[in-house]
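Here is a short report on the fold of one protein chain. Look at the sequence and the 3D structure first.

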Amino acid sequence: MEIHYLQGLHGDRALDYEHLIRLDEQLLREKNRADNDQINSLPTRKATAEDKEVRCCICMCDVEEGEVLRVLPCSHKYHQSCIDEWLTYNGCCPVDKKRIAPRRSRGRGTAHES
Ligand SMILES: [Zn+2]
Ligand SMILES: [Zn+2]
């Protein structure tokens, strides 16, 4: 009986939860954003013939010689235009989720690096 009641409650509040989760995600994204300084401090270079084996995991395209790549600290490479846009919303590597730069905010560092 009690279980049934709880399930009913949960169902009624499903919308609320979804709303909360979305808010959470927004906040998280806000926190994870990289600013232009951080993005621009990452090295870029023109793709060479050797980079032809590299695939940009954001647009899922193989890198073509001559395209501009941005190299992240974790040494993953992406098209500059692809990764710049990504980093604006999410300041970490799309593949291994490594942050591109330490968080600026001092304050007690909640070591949230995984
Ligand atoms: Zn790309
Ligand atoms: Zn990476």
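Predicted model: local features only at pLDDT ≥ 70, side-chain atom pairs only at ≥ 80, totals over all residues.

Residues are numbered from 1 along each chain as its sequence is written, while chains are lettered from A and ligands numbered from 1 in the order in which they are written.

**Overall make-up**

The protein chain has four helices and five strands. Both are DSSP runs, numbered from the N terminus: helices are H or I with at least four residues, strands are E with at least two. From the N terminus, the order is α-α-α-β-β-β-β-β-α.

Of the 114 residues, 12% count as buried. Buried means that 20 or more other C-beta atoms, placed from the backbone, lie within 10 Å of the residue's own. Residues are in contact if their C-beta atoms, placed from the backbone, lie within 7 Å. Among contacts between residues at least 6 apart in sequence, 44% join residues at least 24 apart.

Three strands form an open, antiparallel sheet in the order S1-S4-S5. Strands S1 and S5 are the edges, each pairing on one side only. Pairing takes at least two DSSP bridges between two strands. S4 and S5 are joined by three bridges. Val71 stands opposite Lys77 in S5.

| Element | Residues |
|---|---|
| Strand S1 | 44-46 |
| Strand S4 | 68-71 |
| Strand S5 | 77-79 |
| Helix H4 | 80-89 |

Helix H4 lies across S1, S4 and S5, and runs at about 100 degrees to S5. Such angles run from 0 to 180 degrees between N-to-C directions, with axes fitted to C-alpha atoms, for helices over the stretch in contact.

Definitions and conventions. Contact = placed C-beta atoms within 7 Å.
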